[in-house]
Amino acid sequence: MKNKRKHIAHRMAIGAVTVCIMVLLSGCGKGKETQSFNLFTWDGMFPQEVLSGFEKEYGVKINYSNFDYDEDMLAKLETAKGGDYDLVIADDYIIEIAIGEGLVQKLDKGRLSNWGNIDPIFQGHFYDKTDEYTVPYGAGIPLIVYDPAMVGFEITGYEDLWNPALKNNVALIGNYRVIDGIVLKIMGKSFNEEDTAVIGEAGKKLLELAPNVRLISDNNTQDYIVSGEAAVAFLYTSQVTQALAAREDLKVVYPKEGLGFGIMAGFIPSQAPNADIAHKFLDYILKPEIAAKCFEHIGYVCTNKAAVPYLSKEAQESLSLPEEAKSGEFIMDISAEANEAHERIWTEFKARLD
């Protein structure tokens with residue numbers, strides 16, 4: 001009996017050692033697993049050194065997902081019911097919709113020690129009037145850029161894009177509300193026109209622009225004017241910045257008919273898996289020196305007043321809000337009927353280009 005007990009004890013000891021070895025080999029003994037942080041925005045919105053710096057400082061792995069259009073982002077967020085993503089950076093008008101649908105959670109400002117670095121000029125706007133949900137991450141004004149050597153006249157406004165001399169020579173961004181909107185501005189109307197009949201009239205004029213359009217693209221549209229493939233381009237702010245950096249001979253136009261103005265901002269979805277990490281990331285990119293790296297990278301107007309001294313001299317000039325922009329009009333959410341009218345005329349316009 002005594003020998004049998006010793007034999008059982010010996011077998012149990014061997015089994016315990018085996019289990020410990022298996023645990024170690026399985027990686028369970030390596031300590032706490034790296035947490036994931038799901039970031040959802042456009043491609044190229046952060047310099048890699050900023051993303052890598054955050055991962056190293058907080059021991060997290062950033063999963064960077066991107067979308068092409070705000071509407072695509074909203075559709076995915078709706079499908080996920082406010083889950084899947086920890087932080088989203090998108091345009092103001094779409095954020096207003098997301099907040100209205102209950103897809104955005106209020107910020108815990110107690111976790112944002114760098115909140116005071118935000119420039120008040122970019123706070124309290126229509127999409128988040130009480131600044132409870134969002135952190136601004138750049139502002140922009142789409143502008144016309146042209147090559148004087150390829151254009152035989154001075155461009156002063158949107159309507160000049162219809163000049164027959166520019167046949168097959170105009171590059172456009174692909175945001176239908178912006179492009180439809182510049183036609184409305186030519187007509188003396190608002191970017192946010194609700195009358196579907198007026199929008200329909202804008203559609204007829206837009207069709208007349210088709211012969212002049214060389215291409216429509218949201219990605220690297222500036223490359224076409226930099227290379228000389230197009231004589232004129234209507235570009236996002238970041239693209240304007242890149243075009244001018246590549247070619248000083250290009251001219252920028254603040255259209256006389258009026259400007260569209262927008263703010264990008266970050267928000268935490270209502271069911272974000274890692275809202276705590278999202279707050280840490282927002283606070284991290286609000287640090288002056290980190291924010292400066294971000295704005296120099298994206299080329300949008302700097303929304304962080306504390307970051308300005310950290311910008312290069314050139315960036316301090318190019319990433320400041322121009323006086324002309326202060327009277328710009330926000331592109332806001334409109335009725336479903338008005339939006340359907342915009343989508344219809346945009347589809348007809350693009351079909352004319354095929």
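Leaving aside neighbours within four places in sequence, which residues is Ile 285 in contact with? In this predicted model, local features need pLDDT of at least 70, side-chain atom pairs count only at pLDDT 80 or more, and totals for chains, interfaces and linings use all residues. Numbering runs from 1 along each chain as its sequence is written, and side-chain values use heavy atoms, with hydrogens and water left out. Contact here means heavy atoms within 4.5 Å. With that cut-off, and with neighbours within four places in sequence left aside, the partners of Ile 285 are Phe 46, Val 50, Tyr 137, Ile 290, Ala 291, Cys 294 and Asn 304.

Ile 285 sits in helix 9, where helices (H or I, at least four residues) and strands (E, at least two) are DSSP runs numbered from the N terminus. With a relative accessible area of 7%, Ile 285 is buried; the label means under 20% relative accessible area, with exposed being over 50% and partly exposed in between (1.4 Å probe, protein chains only). Val 135 is 150 residues away from Ile 285 in sequence, yet the C-alpha to C-alpha separation of the two is 10.0 Å.

Nine of its eleven residues are buried, so helix 9 is largely enclosed by the rest of the structure. Those buried residues are Ala 275, Ile 277, Ala 278, His 279, Phe 281, Leu 282, Asp 283, Tyr 284 and Ile 285. They pack against strand 1 (35-41), strand 2 (60-66), strand 3 (87-91) and strand 4 (134-140), as well as helix 2 and helix 10 (288-298).

Next, the cores. A nonpolar core is taken as a set of buried Ala, Val, Leu, Ile, Met, Phe, Trp, Tyr and Cys residues joined through side-chain atoms within 4.5 Å. The largest has 115 residues, and Phe 46, Val 232, Phe 281 and Ile 285 have the most contacts inside it. Another core, of five residues, lies apart from the largest one and includes Ile 334, Ala 338, Ala 341 and Ile 345.

Two helix pairs are worth a look. Helix 2 (residues 48-58) packs on helix 9 (residues 275-285) at an angle of about 125°, with the axes 11 Å apart. That makes helix 2 oblique to helix 9, given that angles under 35 degrees count as roughly parallel, over 145 as roughly antiparallel, 65 to 115 as roughly perpendicular and the rest as oblique. Helix 2 brings Val 50, Leu 51, Gly 53, Phe 54, Glu 57 and Tyr 58 to the contact, while helix 9 brings Ile 277, Lys 280, Phe 281, Tyr 284 and Ile 285.

Helix 5 (residues 176-186) and helix 6 (residues 196-207) pack at about 100°, their axes 9 Å apart. These two helices are therefore roughly perpendicular to each other. On the helix 5 side, Ile 179, Asp 180, Val 183, Leu 184 and Ile 186 meet Val 198, Ala 202, Lys 205 and Leu 206 of helix 6.

Most residues other than glycine have a negative phi. Lys 81, not a glycine, has a positive phi of about 55°; this residue is in the loop between helix 3 (70-79) and strand 3, and at 62% relative accessibility Lys 81 counts as exposed. Asp 131 also has a positive phi, near 55°, and is found in the loop between helix 4 (92-100) and strand 4. Asp 131 is buried, at a relative accessible area of 16%.

Note on methods
Axes fitted to C-alpha atoms, helices over the stretch in contact; angles between N-to-C directions.
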